[in-house]
Amino acid sequence: MNHLVQGGDVSAYLGKKFVSSLSRAVRLKSLLFLELFGGCGRVAASAQAMGYAALSLDINASPLENHLSPVFLNKILGWISSGAIAGVWLGTPCSTWTRALRVPLRTEQHPDGRPDLSPDQFRKLDIGNKSFLFSLHVIRACLRHGIGAMIENPQTSLMWSSPHFHKLLNLKSSTSVVSHMCQFGAPWRKATRVQAWGVGELWELAKKCGGPRGFCSRTLRPHLELTGRAPGGKHWTSIAAAYPDAFARAAAAILVRTCENKRSLALSRRMGG
Ligand SMILES: [Zn+2]
């Protein structure tokens, strides 16, 4: 964490980003789609390509985009409660929630973290927990204000087992879908669960691989296993963190449709329809 970052800087920086994102919109010019923990920002880019204002934020883009800073959270919650947000996508980091770690930080019995972690492991866990709590705050705010919210994590992520999530996952307005990334153009299968609140049908994301034992039904070739490093030295898991473009387009299309439908419904109500 960069200790030189001041709250005022964060607030001013986000304010500027907000204004400049809106200024580029062709449709719904006063509303902004948000991609949080956005990585390379492909969901936001897809919404922009459709003519909407969209903003992806990620700490790797700037220390001022540190989602764990209280000023950052308050700014996002302020945007949501002011009615300026059209829909939210959360790419909450899965690194501490995965069952694939050599030394898992969590178990099914201890989804919030094993009690016997070393200080170094605990630091990692704590960032994972805080990122998750940030996501819960944002989802609850979206629910309060009738804004569509979506979050993704691997299908086997222990995040889905967190007791803090149970109530939200069991709400009537909550729906989920499992997407296999190979069906969206990736060479890996990567089964990903998307959970949504206040969002209509998720059919664009409902694509699963039907290939037999390691083979992909789309390419008829074996899936690429996400273990070890790619030729450039980067871990395959970190390369696969970026969504395939078709997946990002599908996610953006769902958020856009949800928002447009709500606006048409509100308009027809006002017209007495
Ligand atoms: Zn496949």
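User: What makes β5 and strand β6 a pair, and in which sense do they run?

Analyst: In this predicted model, β5 and β6 (residues 191–197) are joined over 7 bridges in the antiparallel sense.

User: Why is β5 called an edge strand, and which other strand is one?

Analyst: The open sheet has 6 strands with mixed pairing, in the order β2-β1-β3-β4-β6-β5. The edge strands β2 (52–56) and β5 (174–180) each pair on one side only. Averaged over the sheet and ignoring direction, neighbouring strands are turned by 20 degrees against each other.

User: Which strands does helix α4 touch?

Analyst: Helix α4 (residues 119–144) packs on the sheet and touches β1, β3, β4 (148–154) and β6, with its direction at about 150 degrees to that of β4. Helix α2 (residues 42–49), for its part, lies across β1 (27–36), β2 and β3 (85–90), and runs at about 165 degrees to β2.

User: How do you know whether Ile254 is buried or exposed?

Analyst: Ile254, which is found in helix α7 (residues 245–270), has 25 C-beta neighbours inside 10 Å. The cut-off for a buried residue is 20 or more, and therefore Ile254 counts as buried.

User: Which residues is Ile254 in contact with, leaving aside its neighbours within four places in sequence?

Analyst: With those neighbours set aside, the contacts of Ile254 are Val199, Leu202, Glu204 and Leu205.

Conventions: Residues are numbered from 1 along each chain as its sequence is written. This is a predicted model: local features need pLDDT of at least 70, side-chain atom pairs count only at pLDDT 80 or more; totals for chains, interfaces and linings use all residues. Two strands pair if DSSP finds at least two bridges between them. Helices (H or I, at least four residues) and strands (E, at least two) are DSSP runs, numbered from the N terminus. Axes are lines fitted to C-alpha atoms, for helices over the stretch in contact, and angles run from 0 to 180 degrees between N-to-C directions. Two residues are in contact if their C-beta atoms, placed from the backbone, lie within 7 Å. A residue is buried if 20 or more other C-beta atoms lie within 10 Å of its own, exposed if 12 or fewer, and partly exposed in between; C-beta atoms are placed from the backbone.
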